[in-house]
Amino acid sequence: MFKRQTTQVIAHRGSKGTRPENTLLAFQAALDAGADGIETDVQLSRDGQMVIMHDEKVDRTTNGSGLIKDLTLAQLKQLDAGSHFGREFAGTKMPTLDEVIQLLIADHFSGVFNLELKTNKIPYPGIEQQLATYFTQQPVPFRLVFSSFRAQSLVTLRKLYPQAEYAKLFKTAGRQAKQMERHQQVAGLHPDIRWVKAHRFWLPHMQLRPWTVNSPADMAYCFRRHFAGIITDYPARAVALREKIQG
Ligand code: G3P
Ligand code: MG
């Protein structure tokens, strides 16, 4: 009999709900929770290193201040990226992209690695070429899905590295998402769950992976519809609820 797809649980910034976001601790927790995927955010330091952090500024999640693009990797590595979440995480460092990739390889991860290019506010010229070069030199044994709120980043990277999958992030712009899909620029859509529910949005032939799906009600909404994936701060809870709904 035809079996509907199992919804993949993708850990947002690692296990953001239980560990300091976008740190190796958070990614390890996501792996331990049995997440099928990991979502994270890449930006460039002043000396052009690919580093993992969500905000363009280090202020919210570290004891430093200023823009990532104005700080060197050595300066970023001085910062404490754990204390904001809890005293017991003091001294946790912000990782580079390569450190995350090496952790996943060492853990024999074989799921979905969703790397968001944080190019919508600061375009980080050249980051697409850098990613293509990196992943050409460092083949990975898992699925790579690049996403961004900035469509042009995806179009540029896809030309350089067509073997990956691409997904457009959006908050409300359903028309733009449909347009990209029509022109076959992306296979995946990553919309805000609030918008998905409000508009009962669904393109069944697309890889729909809403964010940030944290409440049991939102998780159940996506699991009942067998969406391709959910992006959640609580991967362990999501895996348990999926078991109840999808078996
Ligand atoms: O990729 C899903 C989600 O991470 C997009 O929003 O702001 O958390 O990066 P944000
Ligand atoms: Mg993100």
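H108 is exposed in this predicted model, with a relative accessible area of 69%. H108 has a positive phi of about 60 degrees, although it is not a glycine. The residue sits in the loop between α3 and β4.

**Backbone features**
- H226 is another residue that is not a glycine but has a positive phi, here about 55 degrees.
- H226 lies in the loop between α8 and β9 (229–232).
- H226 counts as buried because its relative accessibility is 15%, and the cut-off for buried is under 20%.
- The peptide bond from W211 to T212 is cis, with omega near -20 degrees.
- T212 is placed in the loop between β8 (207–208) and α8 (216–224).

**Ligand 1**
- The residues around ligand 1 are H12, R13, E39, D41, H54, E116, K118, F149, L169, W211 and I231.
- The side chain of H54 has an N or O atom 2.6 Å from an oxygen atom of ligand 1.
- For the side chain of E39, an N or O atom is 2.8 Å from an oxygen atom of the ligand.
- K118 places a polar side-chain atom 2.9 Å from an oxygen atom of ligand 1.
- Taken alone, ligand 1 exposes 290 Å², and the protein buries 92% of that.

**Helix α4**
- Helix α4 covers residues 127–137, and its buried residues are I127, E128, L131, A132, Y134 and F135.
- Seen down the helix axis, these buried residues fall within an arc of 165 degrees, so they line one face of α4.
- An α-helix has 3.6 residues a turn, so residues three or four places apart point the same way.
- T136 and Q137 are exposed on the other side of α4.
- The buried residues of α4 pack against strands β2 (37–44), β3 (50–52), β4 (112–117) and β5 (143–148).
- They also pack against helices α3 (97–106) and α5 (151–160).

**Nonpolar core**
- The largest nonpolar core has 65 residues.
- Within that core, L97, F113, L115, L131, F135, F146 and Y161 touch the most other members.
- L131 and F135 from that group are also among the buried residues of α4.
- Leaving out residues up to four places away in sequence, Y161 touches A132, F135, T136, L144, F146 and Y166.

Methods. Residues are numbered from 1 along each chain as its sequence is written. Chains are lettered from A and ligands numbered from 1 in the order in which they are written. This is a predicted model: local features need pLDDT of at least 70, side-chain atom pairs count only at pLDDT 80 or more; totals for chains, interfaces and linings use all residues. Side-chain values use heavy atoms; hydrogens and water are left out. A nonpolar core is a set of buried Ala, Val, Leu, Ile, Met, Phe, Trp, Tyr and Cys residues joined through side-chain atoms within 4.5 Å. Buried means under 20% relative accessible area, exposed over 50%, partly exposed in between (1.4 Å probe, protein chains only). Contact means heavy atoms within 4.5 Å. Helices (H or I, at least four residues) and strands (E, at least two) are DSSP runs, numbered from the N terminus. The arc is that of the directions from the helix axis to the C-beta atoms. A residue is near a molecule or strand if one of its heavy atoms lies within 4 Å of it. A polar contact is a pair of N or O atoms within 3.5 Å; within protein, one must be able to donate a hydrogen and the other to accept it, and residues adjacent in sequence count only if both atoms are side-chain atoms. Accessible areas come from the Shrake-Rupley method with a 1.4 Å probe; for residues, only the protein chains shown count as cover.
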